[in-house]
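The structure comes first, and the questions follow.

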Amino acid sequence: MDNKDAEKLFFIPFNTGGHWLLLAINPIREIVYYLDSLGNDWTTYPDMKVLIDTVLQAFRAQRDIQTSRRGANSITWIKVACPQQRNQIDCGYFMLRFMRDTLALGRLMIPTDYFEEFKCAFYTKDQVDEIKEEWCQFMIELNVLFINLCN
């Protein structure tokens, strides 16, 4: 709860049981950006929505923000028209790529039609391979760091 009034964007990789998607949450503005490479609507996963709404309501209570009964459900969910996967196996890499694209631009909001700098209907094989290679490199470096910490 440090800096609880500072505006930030929190990333939540979410697994629905067989599919990865990304939620980017601005808790101060109570906005949830929903990025799904299969194009499903968040209503496809009602338990996820209830969970995230509950977390944001708890965060609001921790900040002592009072809302009217009508405003109590003022959390805004925005479906982002992000690049779509062409198979049933790359969702995790797409989720990582969405996170990376957002972090690379350093923004606190995600346009509903995705970022102009990265806008496309589908990622190319090279773009998917790029995030796979970055992830592998990160894990290799993490392992080296972990080994050094254990010695």
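The questions below take up some of the labels used for this model and set each one against its definition.

This is a predicted model, in which local features need pLDDT of at least 70 and side-chain atom pairs count only at pLDDT 80 or more, while totals for chains, interfaces and linings use all residues. Residues are numbered from 1 along each chain as its sequence is written, and side-chain values use heavy atoms, with hydrogens and water left out.

Q: Why is Glu30 called buried?
A: Buried means under 20% relative accessible area, exposed means over 50%, and partly exposed lies in between (1.4 Å probe, protein chains only). Glu30 has a relative accessibility of 10%, and therefore counts as buried. Glu30 lies in the loop between β2 and β3, and has a positive phi of about 55 degrees although it is not a glycine.

Q: What makes Tyr114 buried or exposed?
A: The relative accessible area of Tyr114 is 1%, so this residue is buried. Tyr114 is found in the loop between α2 (91-105) and α3, and its phi is positive, at about 70 degrees, although Tyr114 is not a glycine.

Q: Why is Met139 called partly exposed?
A: Met139 counts as partly exposed because its relative accessibility is 36%. Met139 is found in helix α3 (residues 125-150); helices (H or I, at least four residues) and strands (E, at least two) are DSSP runs, numbered from the N terminus.

Q: How do you know that β1 and β2 pair, and in which sense do they run?
A: Two strands pair if DSSP finds at least two bridges between them. Six bridges join strand β1 (residues 10-15) to β2, and the strands run antiparallel. Within this pairing, Phe11 has Ala24 in β2 as its bridge partner. The two strands, β1 and β2, form a hairpin with four residues between them, and Gly17 in the turn has a positive phi of about 120 degrees.

Q: What makes strand β2 mostly covered?
A: Of the seven residues in strand β2 (residues 20-26), six are buried.
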